[in-house]
Amino acid sequence: MRSTLIFIYLQLFKITYNFFRLFSIQRKTLFWVTYGENARPINEYLMEHVSKEKRILIYDRRFIKDYDSWHVNETIPYHPVRFILIAFHLATSKTIFIDNYIGEFSVAPIRKKTQRIQLWHAAGALKKFGLSSTISKTSSKYTRDRFKRVYEQYGDFIVPGDDCANLFMAPHDLPKNVFKSFGVPRTDYWFNEQHQSIKEELQSAYAREDRRILLYAPTYREYNGMEGQTVRQLEQLTDRGWTILVKLHPTVRAMFTHQKTHVHFVTDEFSINDYLLITDVLVTDYSSIPFESCLLDIPTILYTPDFDTYQQMPGVIDSYPNPLPVISTTQFDDVLNWINSETALQESRRAMEQFKTLWYTEQPGQATSRIINHYYHKPI
């Protein structure tokens with residue numbers, strides 16, 4: 001039934017999109033985003049420096065709550081019932097930025113003299129995705145073919161560097177030449193004065209003399225994970241001079257009501273990249289965060305007590321934890337010993353410092369500038 005509804009919807013979208021292809025292309029940038037963090041720096045530049053560029057935002061209301069602060073010409077919360085308006089903007093925008101899978105692309109080929117840019121929402125991957133995911137492999141041929149058609153219409157695919165492109169090629173069934181090693185826009189502010197006020201505010205809230213900060217940021221799971229157990233295990237570190245920040249998915253965080261001194265369940269008022277500014281040690285699992293936090297040389301360990309379950313659905317890449325130069329363990333004693341070893345922390349910091357020079361082809365901090373210069377021919 002669901003597949004039939006998807007088929008009917010996509011046919012309606014195809015007809016509508018093809019009709020609007022008869023219209024002239026406008027000087028207009030469309031941001032069609034789920035998370036928006038990589039698109040936002042581009043929007044802010046256009047807003048400040050290219051005033052004649054009309055900007056449209058199609059957003060996922062589950063993740064983007066502050067859509068008004070984008071100050072675009074038009075905001076559209078994504079919903080299939082708005083397919084006519086969405087198809088119009090997709091067909092008539094000269095430049096389209098996206099950061100996730102968009103099913104409508106399977107029936108909406110790129111128009112001549114327009115450009116689509118996939119910003120993606122991660123700078124790397126440890127879990128299987130795209131055509132390599134468990135869901136994709138168990139799907140029908142029709143569904144897999146639809147996935148491929150979507151990927152083919154991404155346009156350019158922005159990545160940190162060649163190694164990331166090699167990692168993303170097979171799951172998307174895309175050739176190397178579509179990948180552009182421009183960097184990660186949302187990390188640019190780490191390298192300019194913009195981050196100072198945020199860092200100071202977070203330090204005021206959480207930093208204390210003679211205490212270090214550990215950030216626990218597990219990835220979202222489709223099943224009940226072991227986050228609660230991990231938080232309780234990490235609590236023992238509070239007696240050893242650590243302050244624990246816990247960054248959970250909102251649907252998971254709602255289940256936690258207990259509080260302990262020096263353990264903080266942080267909110268979405270600040271992004272994960274903001275909290276990383278004050279982080280001394282990162283504990284995560286299958287998340288792509290270390291592919292960005294390496295830019296800050298943060299010692300990192302992957303704690304995966306549910307590895308056997310997660311390996312089945314959605315699955316982890318065959319080389320896990322490579323390409324990251326980190327330790328992965330299912331045993332909390334290993335985590336404890338690692339955190340309590342200054343030698344281990346220093347080795348991890350040096351490994352991440354070296355890794356970033358391999359993962360990022362271009363100088364970090366200038367991703368937005370490179371993207372603007374390439375697609376709008378306007379150097380910042």
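Which residues does Tyr 154 touch, not counting residues up to four places away in sequence?

**Nonpolar cores**

In this predicted model, Tyr 154 touches Ile 98, Asn 100, Tyr 101, Phe 105, Arg 116, Ile 117, Gln 118, Trp 120, His 172 and Leu 174, with residues up to four places away in sequence left out of the list.

Tyr 154 also belongs to the largest nonpolar core, which comprises 77 residues. Together with Phe 13, Leu 90 and Phe 168, Tyr 154 is among the residues with the most contacts inside that core. Helix α3 (residues 83-92) gives the most to this core, contributing six residues. Another core, of 22 residues, lies apart from it and includes Leu 237, Ile 339, Ala 344 and Leu 345.

**Cavities**

Four cavities of 30 Å³ or more are present in the structure. The largest cavity has a volume of about 50 Å³. Its lining consists of Tyr 216, Arg 221, Met 226, Glu 227, Thr 230, Asp 285, Tyr 303, Pro 305 and Asp 306. By class, four of these lining residues are nonpolar, one is polar and four are charged.

**Backbone features**

Most peptide bonds are trans, and most residues other than glycine have a negative phi. The peptide bond from Met 313 to Pro 314 is cis, with omega near 5 degrees, and the bond from Tyr 320 to Pro 321 is likewise cis, with omega near 5 degrees. Pro 314 is placed in the loop between α12 (307-312) and β13 (327-329), and Pro 321 is in the loop between α12 and β13.

Asp 173, in the loop between α6 (162-172) and β7 (179-181), has a positive phi of about 55 degrees. Asp 173 counts as partly exposed because its relative accessibility is 46%. His 262, in the loop between α9 (250-253) and β10 (263-265), has a positive phi of about 70 degrees. His 262 counts as partly exposed at 27% relative accessibility.

Key:
Residues are numbered from 1 along each chain as its sequence is written. This is a predicted model: local features need pLDDT of at least 70, side-chain atom pairs count only at pLDDT 80 or more; totals for chains, interfaces and linings use all residues. Side-chain values use heavy atoms; hydrogens and water are left out. A nonpolar core is a set of buried Ala, Val, Leu, Ile, Met, Phe, Trp, Tyr and Cys residues joined through side-chain atoms within 4.5 Å. Buried means under 20% relative accessible area, exposed over 50%, partly exposed in between (1.4 Å probe, protein chains only). Helices (H or I, at least four residues) and strands (E, at least two) are DSSP runs, numbered from the N terminus. Contact means heavy atoms within 4.5 Å. On a 1 Å grid over the protein atoms alone, a cavity is a set of points where a 1.4 Å probe fits but cannot get out, and a pocket is an open set with protein on both sides within 12 Å along at least five of seven lines; lining residues have an atom within 4 Å of a point. Grid points are joined across faces, edges and corners, and a volume is the space filled by probe spheres set on the points. Ala, Val, Leu, Ile, Met, Phe, Trp, Tyr, Cys and Pro count as nonpolar, Asp, Glu, Lys and Arg as charged, and the others, Gly among them, as polar.
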